[in-house]
Amino acid sequence: VHGILMKDIDILNSAGKMDKMRLLNILMQLRKCCNHPYLFDGAEPGPPYTTDTHLVTNSGKMVALDKLLSKLKEQGSRVLVFSQMTRLLDILEDYCMWRGYEYCRLDGQTPHEEREEAIDTFNAPNSRKFVFMLSTRAGGLGINLATADVVILYDSDWNPQVDLQAMDRAHRIGQKKAVRVFRLITDNTVEERIVERAEIKLRLDSIVIQQGRLIDQQSNKLAKDEMLQMIRHGATHVFASKDSELT
């Protein structure tokens, strides 16, 4: 994180040209930091590359997910895990194989036949599949996974409606249990601002609908100043804690 912010220090100090694509790129890099450092080339130790505890211990979210899945497994729950990033699903696949969790996967590259087969396998009576991992946009519509009773949003979409559609995969006809939803958010980072913005947008959309007006799709677009404030959020904390140890 420190390296990403230092590379674009002129933006943080308002000295550089505020190019929208550059701001979006910084936001994406910061979101990758929040999800898992192995999303960056060269971050994973190796070669030789091994799948063991470092996959969990090098990411705060993975530490939380590992503890959560262990408890959910004991409780007999079945879990949907959503992420924006297909490369993160690759990491989650390695993790599930390492932990011995049986899983299914669906993303934008999954052929239609395999997609239907994965859904049927997960929903089958007495299915041994514990986790179904999905990319948020590919798995958000037209899918019934009501045999799961837990939804984990590993990261959050800019558009809150997309996350709501993901949650609805478990809230479908045939659901017999109460559905629990967990959202993973990294403290003092851009993710806090993304979720805050989404909550405000949901409230505004609700007011607009109640007044019988159409929702303005332009309101989804990020302004440059808004992006800069998101990038700056937590930057002071990062620079202050650069030499401190994470616990």
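Which residue forms a salt bridge with Glu 102? The partner is Arg 128, and the closest N and O atoms of the two are 3.2 Å apart. A salt bridge here is a side-chain nitrogen of Lys or Arg within 4 Å of a carboxyl oxygen of Asp or Glu. Side chains of opposite charge can pair when their charged atoms come close.

The structure is a predicted model, in which local features need pLDDT of at least 70, side-chain atom pairs count only at pLDDT 80 or more, and totals for chains, interfaces and linings use all residues. Residues are numbered from 1 along each chain as its sequence is written, and side-chain values use heavy atoms, with hydrogens and water left out.

Glu 102 sits in the loop between H6 and strand S2 (103-106), while Arg 128 sits in the loop between H7 and S3, 26 residues apart. Helices (H or I, at least four residues) and strands (E, at least two) are DSSP runs, numbered from the N terminus. Glu 102 is partly exposed at 32% relative accessibility, and Arg 128 is exposed at 64%. In these terms, buried means under 20% relative accessible area, exposed over 50%, and partly exposed in between (1.4 Å probe, protein chains only).

The count of salt bridges comes to ten. One of them joins Asp 41 and Arg 87, with the closest N and O atoms 3.6 Å apart. Asp 41 lies in the loop between helix H3 (20-35) and helix H4 (54-57), and Arg 87 in helix H6 (residues 86-99), 46 residues apart. Asp 41 is exposed, at 73%, whereas Arg 87 is partly exposed, at 40%.

Another salt bridge brings together Glu 191 and Lys 61, at 2.6 Å from N to O. Glu 191 belongs to helix H9 and Lys 61 to helix H5 (residues 60-75), so this pair ties together parts 130 residues apart in sequence. Both residues, Glu 191 and Lys 61, are buried.

Helix H9 (residues 190-210) also holds Ile 200, which is partly exposed with a relative accessible area of 44%.

Two asparagines have positive phi values. Phi of Asn 126 is near 60°, and this residue lies in the loop between helix H7 (112-123) and strand S3 (131-135). Asn 126 is exposed, with a relative accessible area of 78%. Phi of Asn 188 is near 55°; Asn 188 is in the loop between strand S5 (180-183) and H9, and is partly exposed at 27%.
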